Amino acid sequence: MFRTYARRTCRACAGSDLEPVLDLGQQPPANAFLLPSELGQPESKYPLVVNLCRNCGMVQLADVVPAALLFREYLFSTSSSQDMVQHFQTLFQHAAAPLPGNALVVEVGSNDGWALEGIRTRNLRLLGIDPATNLAAAANARGIRTLPEFFTAAVAQQVREADGFAHLIVACNVLGHVDDLDDFCGGVRTLLHPLGRLIVEVPWLRDLLEFNEYDTIYHEHLSYFSLNALITLFARHGLILRDVEHVATHGGSLRITVVKAGLPEHSVDWYMDKERQQGQPAALQALAAAAAWNKQELLERLRVCQRRGLKVWGYAAPAKATVRLNYCEIGPDLLPCIVDTTPAKQGRHVPGTHQPILPVEALSEQPDYCLLLAWNHHEEILRREEAYQLAGGRFIMPWAGRPSTP
Ligand code: JHZ
Ligand code: ZN
């Protein structure tokens with residue numbers, strides 16, 4: 001059992017006016033899928049309490065599980081979704097298009113390196129940085145140079161000394177995982193070329209609140225960003241948030257471009273307005289009730305299926321499945337197993353609720369329904385599992401709604 005530490009200052013503005021707004025109870029680390037031999041042993045669980053900074057509006061976890069426990073061996077790989085690989089490769093292809101020959105491109109949180117693959121044939125120097133030693137080794141084995149490190153100011157300094165400035169730094173779904181964002185921004189300042197760009201993607205707090213995406217709240221995700229919090233953070237480090245796009249990934253994300261010099265474009269004001277219209281403090285207060293409502297509603301639907309003798313399995317074991325199943329207390333009695341395409345997850349069990357994870361080929365047993373726990377990939381999954389649907393199987397969404405039609 002590792003010890004958590006309580007964070008008392010805001011990760012974006014360094015203020016200390018933090019107010020608890022949601023308590024999801026004691027939860028296991030969402031990606032700590034258990035080996036069969038670990039099933040009988042006591043499991044580590046940690047508090048999952050969300051704070052709001054009343055100064056800058058940043059939403060963030062109160063308790064920090066050590067990063068070394070969460071990220072050094074990582075079972076999630078980007079390449080588990082073809083749509084996501086496509087999304088990131090396209091991002092790199094567009095962002096790299098205007099770069100001078102031989103420019104350095106750095107991806108922070110490069111996972112298994114599949115995003116960088118999108119520009120490997122270009123005349124550029126590519127470098128991935130990712131703390132997961134298993135994933136960095138896989139990327140290196142394919143020739144995508146990857147440092148098995150957390151991105152820190154010290155690592156940025158080392159890279160700059162060895163490779164020079166980076167014209168492009170990309171960090172997708174990584175900022176939320178970083179406890180010391182000041183150190184991260186310091187690293188960006190050190191490594192980014194004066195005319196270079198940092199491109200960041202983070203799930204957007206507005207969408208989390210709008211669509212009740214409480215299952216994306218887990219220990220790995222220390223921050224849930226509003227645009228206002230991002231601007232505040234970068235401004236404290238002399239970095240300018242130049243433009244914003246809204247992208248559909250992970251339930252709705254912001255893609256932002258950050259530069260060392262320049263002026264913000266109109267898109268920044270436009271999305272700031274969207275946040276103001278939502279009225280975030282009120283929407284945050286409603287989140288606890290929305291999560292509790294989902295729990296009751298989902299349990300009821302599963303019980304009805306059980307009473308009618310219908311077989312319901314889970315489809316996909318993303319980190320967010322661990323959160324939803326544990327928070328809703330959905331055990332193997334209501335949902336006996338889960339199928340997932342990731343070989344490293346198969347044969348393991350969901351932390352806390354213990355459903356076994358089977359290969360997707362097990363769907364040939366034709367459960368009546370599959371609860372689609374990786375709802376963010378629903379289009380790809382419905383495409384992929386056509387045979388199951390044609391044979392009469394149906395997907396159901398984890399929020400109240402209709403079964404899908406094939
Ligand atoms: P997916 C990850 O969260 C991890 P997770 C991380 N912490 C993060 O920040 C977010 O992304 C943004 C399976 N699958 O992408 C594969 C199928 O079985 O929702 C994966 O196990 N069949 C870095 O873990 C899971 O679903 C399929 O056809 O919540 C998807 O996990 C497809 C497409 C996926 O991320
Ligand atoms: Zn703050």
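The second largest pocket is lined by 25 residues, and those nearest its centre are Ala 32, Phe 33, Leu 34, Glu 38 and Leu 69. The model is predicted, with local features requiring pLDDT of at least 70 and side-chain atom pairs pLDDT 80 or more, whereas totals for chains, interfaces and linings use all residues. Residues are numbered from 1 along each chain as its sequence is written, ligands are numbered from 1 in the order in which they are written, and side-chain values use heavy atoms, without hydrogens and water.

A pocket here is an open set of points on a 1 Å grid over the protein atoms alone, where a 1.4 Å probe fits and protein lies on both sides within 12 Å along at least five of seven lines; lining residues have an atom within 4 Å of a point. The second largest pocket holds about 550 Å³ of space. Its lining comprises 16 nonpolar, 3 polar and 6 charged residues, and helix α1 (residues 67-71) contributes the most to it, with 3 residues.

Attention now turns to ligand 1. Around it stand 26 residues, of which Glu 220, His 221, Lys 320, Asp 340 and His 377 come nearest; a residue counts as near if one of its heavy atoms lies within 4 Å. By class, this shell has 10 nonpolar, 10 polar and 6 charged residues.

Several polar contacts (pairs of N or O atoms within 3.5 Å) involve oxygen atoms of ligand 1. A polar side-chain atom of Asp 340 lies 2.7 Å from one such oxygen, and a polar backbone atom of Ala 319 is also 2.7 Å from an oxygen of the ligand. For Thr 341, a backbone N or O atom lies 3.0 Å from a ligand oxygen. On its own, ligand 1 has 740 Å² of accessible area, and the protein covers 97% of this, as computed by the Shrake-Rupley method with a 1.4 Å probe. Two or more residues of the shell come from each of α10 (319-328) and α11 (378-384), and α11 gives the most, with 3 residues.

The structure also holds 19 salt bridges, each a side-chain nitrogen of Lys or Arg within 4 Å of a carboxyl oxygen of Asp or Glu. In one of them, Arg 54 pairs with Asp 17, with the closest N and O atoms 3.2 Å apart. Because Arg 54 lies in the loop between β3 (46-53) and β4 (59-61) and Asp 17 in the loop between β1 (5-6) and β2 (18-27), the pair ties together parts that are 37 residues apart in sequence.

Conventions
Polar contact = N/O pair within 3.5 Å; in protein donor to acceptor, adjacent residues only side chain to side chain. Helix = DSSP H or I, 4+ residues; strand = E, 2+ residues; numbered from the N terminus. Nonpolar A, V, L, I, M, F, W, Y, C, P; charged D, E, K, R; others polar. Points joined across faces, edges and corners; volume = space filled by probe spheres on them.
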